[in-house]
Protein chains: 2
Amino acid sequence: MVTNKNCILRLSRYKNALYRFKTLGFHKIFSDYLADAVGVTSAQVRKDFSLFGISGNKRGGYQIDALIIKLNDILGKNELQKVIIAGAGNLGSALMKYKNFEKEGIKIVAAFDIDPSKRNPKFPIPVFALEELEEFVKTNEIKIGIISVPDIAAQHTLDIMIRAGIKGVLNFAPMQLKNAGDCVVNNVNLELELENLIYFVNAMQKSAGVITLNDPLI
Amino acid sequence: MVTNKNCILRLSRYKNALYRFKTLGFHKIFSDYLADAVGVTSAQVRKDFSLFGISGNKRGGYQIDALIIKLNDILGKNELQKVIIAGAGNLGSALMKYKNFEKEGIKIVAAFDIDPSKRNPKFPIPVFALEELEEFVKTNEIKIGIISVPDIAAQHTLDIMIRAGIKGVLNFAPMQLKNAGDCVVNNVNLELELENLIYFVNAMQKSAGVITLNDPLI
DNA sequence: TAGATTGTTAATCGATTAACAATC
DNA sequence: TAGATTGTTAATCGATTAACAATC
């Protein structure tokens with residue numbers, strides 16, 4: 001199992017770049033070209049592929065169609081991914097309306113909130129009581145959840161999700177969560193991202209230049 | 001200049017942990033204890049500090065108060081950080097109401113949108129026309145901006161920000177942005193974070209265990 | 001002083017890159 | 001075949017960690 005997060009992020013970028021090459025009418029591609037498109041070395045491309053047992057032709061490069069299928073398979077994109085949200089506040093509501101998830105085959109199927117005024121089982125995306133989360137997750141076999149509840153409620157929410165059988169959580173609460181089950185937690189901390197950015201801006205004032213903190217997300 | 005993003009993230013965690021120690025009545029601390037609190041090695045703590053010229057006492061450890069001041073200074077937290085948002089849609093509006101920024105000394109002072117129906121100069125946080133961004137940024141000496149506009153508008157928005165003198169951008173558009181000026185761009189791509197999470201969940205189905213993708217954000 | 005902790009150097013670890021034999 | 005590209009091994013690079021001399 002490959003556990004290098006950067007490597008998986010590159011797979012996503014390879015995939016996105018390949019769709020663009022396909023649109024341009026290409027059917028096969030060399031590691032060289034793909035590397036250029038994504039901004040890495042060709043050795044990196046071949047190494048990443050070999051980690052997943054993807055092979056090309058010694059002289060003909062890689063078949064784009066077959067490559068896209070393989071990458072989508074690795075990334076779990078060959079089936080619709082159903083996701084639930086706990087916390088239908090400002091951030092949760094924004095995520096429910098976020099168009100880019102659907103483009104990527106990710107569908108937010110329901111949200112849950114303790115506040116009755118936030119509930120509405122008839123929204124395009126229904127908002128239920130938090131108590132209904134466990135049954136919903138089990139009935140609909142949901143594996144992925146998003147935590148966008150207030151900080152103090154985050155741990156309790158994670159516990160509920162794990163008990164319900166959630167296997168992966170995108171957590172927006174800036175809290176260290178105790179993870180009891182066999183569940184993957186991916187933390188996104190917006191304050192910290194801004195704090196980090198501010199450091200680099202201040203540090204750059206002295207030594208001018210251009211920096212991109214994260215790799216481009218093609 | 002230290003350009004290791006992980007190192008800067010650790011500084012934030014040290015700082016947060018130190019506030020907790022201070023609350024508990026401690027006045028000084030050893031690298032050992034701080035390391036435990038943050039989940040790193042004591043060598044890592046001392047190494048990080050030495051990179052920033054922070055020194056302690058050979059036998060007395062580090063003075064918590066002095067350390068907090070120094071870390072806050074490095075992280076730019078000794079002054080209020082004013083931030084503007086371009087794009088007052090779902091995500092932009094949610095960020096405007098996000099309480100955790102203020103806790104961290106980050107204040108969103110204005111938003112800008114091309115859609116006249118989104119505008120309101122009288123909101124707690126005013127929403128102006130995009131054309132007003134440049135003057136506002138110059139008048140108020142803003143250095144940090146957030147891009148939460150639709151994908152296709154992101155590059156144009158960055159260009160406007162750079163022309164206005166913005167030095168750091170938190171970009172939520174899943175686009176590779178061409179960065180002309182001496183501006184730091186920090187990309188946050190929520191689709192990609194979910195995609196990544198889904199990979200790890202699928203990969204774990206085979207080899208069970210507990211994974212936390214990002215370090216805890218204490 | 002004896003003991004404990006820092007600050008730094010050297011070793012280790014993991015990820016990326018260069019190089020090249022295999023081969024289409 | 002000659003030439004070009006893959007797949008993989010070895011070298012490099014950067015970050016983390018272990019170890020320990022300096023010293024309070």
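In chain A, 53% of the contacts (heavy atoms within 4.5 Å) between residues at least 6 apart in sequence join residues at least 24 apart. The model is predicted, so local features need pLDDT of at least 70 and side-chain atom pairs count only at pLDDT 80 or more, while totals for chains, interfaces and linings use all residues. Residues are numbered from 1 along each chain as its sequence is written, chains are lettered from A in the order in which they are written, and side-chain values use heavy atoms, without hydrogens and water.

Chain A has nine helices and nine strands, which are DSSP runs (H or I, at least four residues, for helices; E, at least two, for strands). Its C-alpha atoms fill a box of roughly 60 × 50 × 30 Å along the principal axes.

| Property | Value for chain A |
|---|---|
| Buried residues (under 20% relative accessible area, 1.4 Å probe, protein chains only) | 56% of 218 residues |

Chain A carries 27 positive and 22 negative side chains, counting Lys and Arg as positive and Asp and Glu as negative. The centres of the two sets lie 7 Å apart.

At the interface, 74 residues of chain A are in contact with 74 residues of chain B. The two chains bury about 7,100 Å² between them, 66% of it on carbon and sulfur atoms; this is the accessible area (1.4 Å probe) lost on being put together, summed over both. Eight salt bridges (a side-chain nitrogen of Lys or Arg within 4 Å of a carboxyl oxygen of Asp or Glu) are found across the interface. A:Glu193 forms a salt bridge with B:Lys5, with the closest N and O atoms 3.2 Å apart.

Terms used:
Buried < 20%, exposed > 50% of the residue type's maximum accessible area, 1.4 Å probe, protein only. Charge placed at Lys NZ, Arg CZ, Asp CG, Glu CD.
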